[in-house]
Structure formats: structure tokens, C-alpha cells
Amino acid sequence: MTVHVTVWDDRDRTGAGRAPADTAAPALFLHNIFTWGSDPAYGFAAQRPLADTRRLLLMDRRGYGDSPDTPRSDFATDTDDVVALLDDSRYAAGPGGAHLVAHGNGAVAALLAAARRPDLVRSLALIQPSAFTAAAGHPVVAALLDRVRDAAPGIPDGVTPEQYLRASTEGLGMAMPEPTPRRLRAVATSMGERPIWEADIPLAPLRAAAPPLLVICGTWDDAPDAYREHVGRPLMAVAESLTDSLDGRLLRVPGYYPHTQEPAAVNAALREFWG
């Protein structure tokens with residue numbers, strides 16, 4: 001694989017037994033910006049308990065974690081990597097492929113991969129997906145798209161990854177994670193990522209394929225005001241719109257980072273969803 005994949009499989013250690021475990025399809029996790037697959041701050045470290053019954057595959061997108069650098073992070077390239085991983089015999093689970101769990105921008109690649117190769121996707125669990133164009137008709141999302149498309153392109157020259165991380169966290173009333181080299185590399189990649197609103201989400205092929213869909217969204221009640229207004233409201237609108245468009249199930253949990261703030265609720269929902 002071109003990208004790095006962290007593999008968690010605790011079935012032997014937890015006594016789940018090999019016979020039933022071998023029949024459990026793996027789950028592939030796709031992360032958002034500023035992070036990587038196994039990151040405890042924004043990634044999926046809190047989902048490790050789910051490895052007691054199936055293999056978990058945590059893909060680091062290019063430019064993040066242990067994957068190689070990239071001139072520009074791009075959801076189209078991420079989609080290619082996801083499809084290649086799902087089709088790789090080292091990870092394949094046989095006919096039907098894997099369950100996909102994806103957060104934020106990673107959810108866009110998951111949707112695109114499921115539309116391209118529905119035979120490889122058993123289900124989609126999307127955590128606050130950044131699939132804004134799929135909900136462009138919603139007034140809140142339409143307003144967001146108008147703002148970002150009319151804004152001056154890019155980030156001002158001279159802004160460092162640490163400054164950008166601070167502005168994106170403390171500047172919105174949230175704690176900033178430690179600016180380690182690994183974190184700042186992820187932030188630098190995020191700063192140059194292709195705008196997610198350029199992604200065209202193929203709703204018709206997804207409806208035709210009809211993978212089971214779970215959308216997980218925070219309530220945003222305790223989020224800083226600016227973060228809730230400019231980020232939370234559009235993400236909640238996307239979650240609602242995708243759930244309706246693709247006949248899915250919407251789960252709301254407290255907070256604004258569901259899988260890290262409410263891991264017990266999210267993990268329980270994933271276990272039930274996967275069956």
C-alpha cells in the first residue's frame with residue numbers, strides 16, 4: 001500500500017475465539033484534518049475496544065501520520081487509496097468487503113469510494129461528514145458555501161502550522177493539542193488540502209447501491225459559540241440531509257467531537273450497527 005494502515009486485532013487476546021472472529025468483516029477508519037488514524041486527540045484511539053471482535057484498519061491519509069508526504073492532500077486521491085486498500089488481498093474479507101467508518105473530510109472519500117465500488121463496502125458509518133455539496137440546498141449549508149467560495153483563496157503567507165492550529169482551536173474557544181512535530185505535519189497538510197466543497201457527492205449511485213448508513217452527529221450544545229455557528233450548524237445540516245437522502249439512521253450524541261468525547265455511545269452504536 002502507498003499509505004500506512006494501523007491494524008488493531010485483539011480477538012485472541014480478549015478470548016473472542018478465532019472461529020467466529022474469522023467471519024467478522026473488518027472495519028476501515030478514515031480520519032479528518034489535523035490528525036491521523038490512531039490519534040487520541042482527534043482520531044480513533046478511543047475505538048480500540050472494537051478490535052475485540054473484528055480487525056480494525058486505520059488508514060493514515062497521505063501527508064498524515066505514518067503515510068508519505070504529498071504535494072497536496074486531495075479527496076480524489078484519498079478515494080483511490082481507500083478503494084485500493086479495500087481491494088487488497090492482505091486486508092480483504094472476501095465478498096462484501098469491509099465496513100467504513102469515517103469522520104469529517106474522511107467521510108467524503110468514504111462516500112466516493114462506496115459509490116465507485118459498492119461491492120467492497122458493507123456499510124457506511126459517517127461521523128459529522130463534511131459532504132457539504134450533498135446538502136447544498138439547505139439554507140445553512142448554502143450560506144457556508146457562498147462564504148467560502150467568495151472568500152480570498154488560501155491561507156495568508158507566513159502563517160505557520162502552529163499559528164494555524166492555535167487559531168483553529170484556542171481562537172475558537174477550545175484547548176489546543178500539544179504542537180508536536182507529528183501534529184504540526186498534519187496541520188500543514190490540512191492547510192494545503194483541496195477544498196472539500198469541490199467534491200461532487202454522487203447521491204444517485206449511492207441510493208442505488210443502498211449500503212446500510214449510520215450518521216453520527218454531536219448536539220453542539222456545549223460548543224464555543226463561534227465554532228457552533230460557523231462549523232457546527234452546517235455539519236448538523238449535512239448530517240440530517242445525508243440521512244434523509246440516503247435513507248440512513250441519525251444518531252445524536254452530546255458534544256461536538258462524538259467519537260472522542262462520547263466514545264462509549266459511539267462504540268456501542270457501531271457494534272449494534274455492524275450486527
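This is a predicted model: local features need pLDDT of at least 70, side-chain atom pairs count only at pLDDT 80 or more; totals for chains, interfaces and linings use all residues.
**Helix H10**

Helix H10 spans residues 263-274 and contains twelve residues. From its first C-alpha to its last, H10 reaches 16 Å, close to the 16 Å expected at 1.5 Å a residue. Its buried residues are Val-266, Asn-267, Ala-269, Leu-270 and Trp-274. Viewed down the axis of H10, these buried residues fall within an arc of 160°, so they line one face of the helix. Ala-264 and Glu-272, on the other side of H10, are exposed.

The cover over the buried residues of H10 includes both strands and a helix. Among the strands are S2 (27-30), S4 (98-103), S5 (121-127), S6 (213-218) and S7 (249-253). The helix included in this cover is H9 (258-261). Just after H10, Gly-275 adopts a positive phi of about 75°.

Helix H6 covers residues 181-191 and includes Ser-190. The buried residues of H6 are Arg-183, Leu-184, Ala-186, Val-187, Thr-189 and Ser-190. What covers them includes helix H5.

Ser-190 has a relative accessible area of 11% and is therefore buried, the cut-off being under 20%. Leaving aside residues up to four places away in sequence, Ser-190 touches Ile-33, Phe-34 and Tyr-64. With Phe-34 there is also a polar approach: a polar atom of the Ser-190 side chain lies 2.9 Å from the backbone nitrogen of Phe-34.

Phe-34 itself is placed in the loop between S2 and strand S3 (56-59). Because its relative accessibility is 8%, Phe-34 counts as buried.

**Backbone angles and exposure in the loops**

Most residues other than glycine have a negative phi. Against that background, Phe-34 has a positive phi, near 65°. Asp-247 likewise has a positive value, near 55°, and is a residue other than glycine. Asp-247 is found in the loop between H8 and S7. Whereas Phe-34 is buried, Asp-247 is exposed, with a relative accessible area of 71%.

Gly-137 occupies the loop between S5 and H4. This glycine is exposed, its relative accessible area being 76%. Gly-137 and Asp-87 are 50 residues apart in sequence, and their C-alpha atoms are 34 Å apart in space.

| Residue | Relative accessible area | State |
|---|---|---|
| Ser-190 | 11% | buried |
| Phe-34 | 8% | buried |
| Asp-247 | 71% | exposed |
| Gly-137 | 76% | exposed |

**The largest pocket**

The largest pocket holds about 1600 Å³ of space. Its lining consists of 45 residues. Those that lie nearest the centre of the pocket are Ile-33, Tyr-164, Ser-168, Trp-197 and Val-231. The elements giving two or more residues to this lining are helix H4 (139-150), helix H5 (161-169), H6, helix H8 (225-245) and H9.

Helix H5, a contributor to the lining, is included in what covers the buried residues of H6. Helix H9 also contributes to the lining, and H9 is included in the cover over the buried residues of H10.

Notes
Residues are numbered from 1 along each chain as its sequence is written. Side-chain values use heavy atoms; hydrogens and water are left out. Helices (H or I, at least four residues) and strands (E, at least two) are DSSP runs, numbered from the N terminus. Buried means under 20% relative accessible area, exposed over 50%, partly exposed in between (1.4 Å probe, protein chains only). A polar contact is a pair of N or O atoms within 3.5 Å; within protein, one must be able to donate a hydrogen and the other to accept it, and residues adjacent in sequence count only if both atoms are side-chain atoms. Contact means heavy atoms within 4.5 Å. The expected span of a helix is 1.5 Å times one less than its number of residues. The arc is that of the directions from the helix axis to the C-beta atoms. On a 1 Å grid over the protein atoms alone, a cavity is a set of points where a 1.4 Å probe fits but cannot get out, and a pocket is an open set with protein on both sides within 12 Å along at least five of seven lines; lining residues have an atom within 4 Å of a point. Grid points are joined across faces, edges and corners, and a volume is the space filled by probe spheres set on the points.
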